[in-house]
Amino acid sequence: MGRWFTETVVDNGRLPLFFLLVSFLLAFLFIRFSVRMIRAEVSWWPGNVTPGGMHIHHVMFGLVMVLISGFALVAIANYETPIANCVLASVFGIGSALMLDEFALILHLRDVYWAEEGRASIDAVFVAVAITGLYLLGVHPIGFAGDFDAYQEDRSLGTLALVLGGLAFQLLLAAITLLKGKLWTGLVGLFFVPLLIVGAWRIGRPNSPWARWRYTDKPSKQAKAWLREKRFREPVVRAKIVVQEALSGRFGVPVAVPELPEIPESAPASAKLPNRLLSSIQWRRTRRRLRRTPVWRLPVVLVSVSMVLAYTFVAIDTEFAEPTGALATDSDLDIGATATLLAVIAGGMITLTGLVFTAITLAMQFGASQISVRVVPMLQEEAIMRWSIGMFLSTFVFAVVIASDLALSGQRASPVLSTSIAILLAFVSAFLFIGLVARVGMILNSSRLLRWIAAQGRTSIFRMYPAVSAEIASPPTKPLPQSPPPAMRRLPSESSGSLGTTTVRLEQLSSDGRILLAVDVAGIERLATKWGVTVQLMPTIGEFVAQDSVLFEVEGPQLRVRPHRLVGALVFGDTHSPMVSPAAALQAIVDIALKALSPAINDPGRAVQAMDHLEDLLMTLAPRVHHESDNSAPTRIRGTRRTWADYVAVSTDEIRHFSTGSTQVQRRLRSLLVTLLDACPPEQHPPLVARLEALDAQVAREWTGSLDVSLASAPDPQGLGSELGSTGRGQPVVLGAEQNN
């Protein structure tokens, strides 16, 4: 370390620069420690400098020190004064730290030291430290890094023009990068030109001048800019804020937080907050599960890996083929037969790829036209589709690379290892093709598709609602108190809404979609308690959220509120998948039933099959929804849970409207409602009774004959399994009983 310091710093005359950097850092850390002690009102710390009652900011001391040291350095520039240079550089560094620490005050011409604008001071300090450190390491910006050395050698006008043209091009790249809002990339790129090329080439930040000039009429680029801002820049900014506040204290919070009004006695007591670590892990798993997986990513990775492995095995086989090599061995394989085998494998794989594409296209087309449009995104998310295409293409590429090397290298020995791997990949591809055929067959088979969707819906039920006990599962003996209506559900607050109300809107164009898929309830509860505000979520899970729509209403003190933290607690996507919530599974099954009841298809039997699974899901939901409503406090966020009436409406109303003229569907729907009525507690009866009455009115309007009315009015779990349905069943069959009479 000492040798490096001597060779890099001392021998190159950078010792004054080193003293400047060290004094700058120490002075900045000291002044920040001082102001934090003053802010905390520590009794033993001296405090502010206020002669005559006038507060003198430390920027004044820094200004005086910079002026004196700068003038002295200029005055002794022609003299050999190494000690004086180091001392004056230290004074200059201290003065610069004191000035840049209040850079925001100079910029805004008002005291914004602890306001949000005060972060500009910390950014200025970081920039100064970065530039000084680069200079100390001998890295110079464009124009000062020997750019004119070529001109100094030949003094030709052409060389000067080339040098100036190169500098102008680099400065143009820097200007474009800065206009795109990439401040750090532009500043560091002045020292490392490749960063300027990357910054100027990549898309700009969404709020940058470049975006306002160039992306106004280009929604795709706006969406891409917001996506990059969300995925890449926001985590970096949050990390930078953590570092800033660790060094400098919190910004945007007043020194003395005003006393909040007392909570009215009627307000609910704050519940214990969820465990932060466990809820964070669960939220990350939810985001990962709901993240849309590009169809092309896995095939591209597999093809790339297959190319690398192909060249690796070619090298190994070449080593095997060397007669004097350490791995030399004999091979009885014929080169011509090997080449033919590899060609057959490559041709078969490209044929399978075409078949896969055709099968997927037909399955999607059939699903969208005959079953439901919700099947298409579900099919796209299937892993076997991506694995099949990727494996077939990677096997094709692997065989082509091996065959090409065999044809071009002219070797006399067959590539034993490479050919064996190609054959193994061909067998794996064959098994994947079988699995793909089975999956496509499931999509084409409505019964299996309904069972698959119901299984996903049951999984989402168990995930969203905890397991219920036997006491809750059985109907209670007396009515239980109900939770407040959804519009009244709020998070706990430390104050009333008298301190202000603000709205958080959807300003960023998300490329993932606009349908709300998940909400981090635990995270929002912690934020609301930390900020002392009341937060209300406006959209419901599964809703499409338009641009600039209100996401949250926040009531209370607004100084601590960070809107990006609230928006980060939401996940958006393209479709409301059955794996997201039970309502999505119910909607998908209802869509299949409605498609079956359409005049173009007219298949009541498929609608009856769909209602079988609807009944199963509703029977699973009923005790869990009742258990939650019984134990819910008014601290739930509106939109994260649906009521029992919501689930009944989603499952039955559309089918009831489309069941006109179908006795079979009306009987099955009545059986579903009667079964739920017998199994659910009295608190869940009103939506069921209301729909039974609506079904009775529909039967009276549609059927005139007494036989038709009696048929349509009978509940039957099979639709038309018998004349009287479940109400007219005979005596059960008793096996093994003794006949006494």
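Predicted model: local features only at pLDDT ≥ 70, side-chain atom pairs only at ≥ 80, totals over all residues.

**A guided reading of the chain**

Leaving aside neighbours within four places in sequence, R233 is in contact with R205 and R228. R233 belongs to helix α12, which covers residues 219-248. Its relative accessibility is 31%, so R233 counts as partly exposed, a class that lies between the limits of 20% and 50%. Between R233 and R205 there are 28 places in sequence, and their C-alpha atoms are 9.2 Å apart in space.

The chain as a whole may now be considered. Its secondary structure consists of 28 helices and five strands. Of its 741 residues, 41% are buried. The chain exposes about 39,400 Å², and 63% of this area is supplied by carbon and sulfur atoms. When contacts between residues at least 6 apart in sequence are considered, 76% of them join residues at least 24 apart.

Is K182 buried or exposed? With a relative accessibility of 14%, K182 counts as buried, because the limit for that class is 20%. The side chain of K182 reaches the backbone oxygen of I203 at 3.0 Å, and a polar atom of that side chain lies 3.5 Å from the backbone oxygen of R202. Beyond its neighbours within four places in sequence, K182 is in contact with T177, V198, G199, R202, I203 and G204.

Strand β2 (residues 515-519) and β5 run antiparallel and are joined by four bridges. V519 has L570 of β5 as its bridge partner. Strand β5 comprises residues 570-573, and both of its faces are covered. On one side L570 and F572 are buried, and on the other V571 and G573 are buried.

Helix α19 extends over residues 446-464. The buried residues of α19 include L449, L450, W452, I453 and M464.

In soluble globular proteins, nonpolar side chains tend to be buried together. In this chain, the largest nonpolar core has 42 residues, and those with the most contacts inside it are L621, W644, Y647 and I655. At least two residues of this core come from each of α19, α23 (582-597), α24 (604-631), α25, α26 (663-679) and α27 (685-702). Apart from this core lies another, of 28 residues, among them V314, M385, V401 and A422.

Two residues show the surroundings in greater detail. W644, leaving aside neighbours within four places in sequence, is in contact with L618, L621, A622, V625, L676, C680, Q684, P687 and L688. S651 is found in helix α25, which runs over residues 644-658. Its relative accessibility is 1%, and S651 therefore counts as buried. A polar atom of the side chain of S651 lies 2.8 Å from the backbone oxygen of Y647. Which residues does S651 contact beyond its neighbours within four places in sequence? They are L586, V590, L614 and L618.

Definitions and conventions: Residues numbered from 1 in each chain as written. Heavy atoms only, no water. Buried < 20%, exposed > 50% of the residue type's maximum accessible area, 1.4 Å probe, protein only. Contact = heavy atoms within 4.5 Å. Areas by Shrake-Rupley, 256 points an atom, 1.4 Å probe, with all protein chains shown as cover. Expected span 1.5 Å × (residues − 1). Pairing = 2+ DSSP bridges. Polar contact = N/O pair within 3.5 Å; in protein donor to acceptor, adjacent residues only side chain to side chain. Core = buried A, V, L, I, M, F, W, Y, C linked by side-chain atoms within 4.5 Å.
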